[in-house]
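Please open the model in a viewer and keep the selection panel at hand.

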Amino acid sequence: MKPMHTSIFVQLALCLLTSLAGLAQPAPPKPVGPLPSANQLRWQKMEYYAFIHFSINTYTDMAWGLGNEDPKLFNPTKLDCRQWARICKEAGMTGIIFTAKHHSGFCLWPSKYTDYSVKNAPWRNGKGDVVRELADACKEYGLKFGVYLSPWDRNHADYGKPEYITYFRNQLTELLTNYGDIFEVWYDGANGGSGYYGGANETRKIDAKTYYDWPNTYKLVRKLQPNIVIWNDGGDRADLRWVGTEAGYVGETNWSLLNATGDVPEEMLRHGVENGNAWVPGEVNTSIRPEWFYHEREDRKVKTLPQLMDTYYNSIGRNGTLLLNFPIMPNGLIHELDEKAAQSFANARKEAFAVNLAKNAKVTASEVRGKSATYDAGKAIDADLESFWGTDDNVRNASLTLNFNKPTTFNRFLVQEPIRLGQRVKAFKVEALVDGNWKEIDKQTTIGYKRILRFPTVEATQLRLTILDAKGSPLISNLAVYNAPLILSPPVITRNQTGDIQIKPGDTESELYYTLDGSTPTAKTTKYTTPMKTSGGKVELKAIAYNPFTKQSSVVSEEKFDVARSNWKILSTDAKSAYQALDGNPGTSWQQPKNLAMPTDLVIDLGKEENLVGFRYLPAQNWWEEASIITHYQFEVSTDNVTWKRVSEGEFSNIKNSPVWQTKSFGPIKARYIKLRALKNTQEGSASGYAEVDVITQ
Ligand code: FUL
């Protein structure tokens, strides 16, 4: 009996001790403001995942299909979704979102509800299903799978009528029922406009806010896939928001909040809304090339390592996720240059974040919630992202200090909030103890799930994070400090109208070297000092930035310039400023007078007859001139400025979201005069503007 008494006694004592400790324990901090759902939390932790754009317009070299393309065009001879999945996995991505149906309406799975699909393509004798092959490949490689189903359908006869909504939901049901777990569904915001529409060939307008009856569409989605997140840019707010640009960044201030109703102007997309009443975090979507679909001409425009690293810091490093797109080539594969770029991006991230210098530092806090070990400073540097450092409820200003014990060199600072308790921090600063003095390194606003700051390398013995203001008591779940290797930015090459070529480095220390014969520049090729005069002919220039101290070279920048524009004259206006469209500087632009109604012409005399095979148009790059972006055009040429021949007409698809160079080709034709006629702009107003206009000669 005796042993039993002892054990009861021990148990009682233990109980008493635990409840005493429980009494001393402060209550957990209360959540602040709207909170993420379990699905949004799971999604946020995915951080980096892929977009894949592949459709019928891959075969017509267009950004958007028109809806009338023949399904017979779809014939990838080497399609291998396992290659896509392997590349994404090796790139460190966690999932893939696939364009199951883009605006053309062509379905990459054999939908029961339309003939406009892979069913009628020669690929796999009409028995193929790209969505199935990709879903299987994702499973094999441990990636999550998501689908892009364009609400806008330029093929369907019923688009614009209520019947189409039934069709749209039927397709959603197929995709969300037959392919396993779907982590995200994407509804693009481009909605309504010209199209084939079953042969009607007309323009159809819909109200994106009401037409799709989003509330009921969402209900269906959530019923079929309870763990999904919904991305939507046109209408009722869903789980995730667009960040207002496809250029690969979100605002430095980035609240994961918006208001559940009402319009969402540009600023709100970019920064969220501090006191928004719904949790709608930002997803940064961008392509590894200028456009979303594959175009051979962009093989030399794959994002460079510095560009990809910038994208990383400006998305994941600013409380966003990164959705990076790979276009698929007509043969059904990802291009090897895209694979290389994604791989070196993965390696560079690994290198940058290899050694967390906070791990061996001693961490102290200005105060700790209830002086309890549960919330002490150590919780901000332990491996557990669920545990956190916290303060008493009434505190809004507090700090954490890392003591490295010896001078330590670093240039990156990473900080995270436990967002399941809300996004709280409104302002913070980071200081370093350099030679015994505190030096401010950076002062910022929001943190959120993850914030990474970049700054010039410092050597310091301590680092201090001070929360300056918060919506509730500040909570920090993770702190990390790194010394990332520096990556040299490739130089920018431009040519002005006179034909002078300028090469600009991305920093102040680099030297510049170039070649004009197509060979790879090194520190042994010609050194660039001042702008170079080039003759009127075509020029292919390659250049690198080179750091003489570290002996590092940047990746190669490359530009191919067509005939020089030195003798070009703009005939359709006397305005001198119109020449900004020819100055080689993408940062300057010219607009037709505002009172001039469309169509508006830009007529140029090339100075002599050229053998033309295409033209290029770059819209204004400043968002405040967005109104002047031309979407529909005609391009005519003439030998005498009297008789004109139309050689190209159509649309600059997706130019609003992605205002990059637009290239249009046509059969060779001799001409001295060109006319770019603007028919419509992004806002259906009268403004038409140009950052650059150029021709392509044979
Ligand atoms: C845009 C679309 O119009 C593009 O074609 C692309 O799919 C991109 C992701 O979204 O708005």
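How many aromatic pairs does the structure hold? The structure holds 47, where rings of Phe, Tyr and Trp (its six-membered ring) pair if their centres lie within 6.5 Å; planes under 30 degrees apart count as stacked, over 60 as edge-to-face and the rest as tilted. This is a predicted model, in which local features need pLDDT of at least 70 and side-chain atom pairs pLDDT 80 or more, whereas totals for chains, interfaces and linings use all residues. Residues are numbered from 1 along each chain as its sequence is written, and side-chain values use heavy atoms, without hydrogens and water.

Select Tyr312 and Phe345 to view one of the pairs: the ring centres are 6.2 Å apart and the planes stand at 75 degrees, so the pair is edge-to-face. Tyr312 belongs to helix H8 (residues 305–315) and Phe345 to helix H9 (residues 336–352), so the pair ties together parts 33 residues apart in sequence. Helices here are DSSP runs (H or I, at least four residues), numbered from the N terminus.

Then display the polar contacts (pairs of N or O atoms within 3.5 Å). An N or O atom in the Trp64 side chain is 3.0 Å from a ligand oxygen. The protein covers 98% of the 290 Å² of accessible area that the ligand has on its own (Shrake-Rupley method, 1.4 Å probe).

Conventions:
A polar contact is a pair of N or O atoms within 3.5 Å; within protein, one must be able to donate a hydrogen and the other to accept it, and residues adjacent in sequence count only if both atoms are side-chain atoms. Helices (H or I, at least four residues) and strands (E, at least two) are DSSP runs, numbered from the N terminus.
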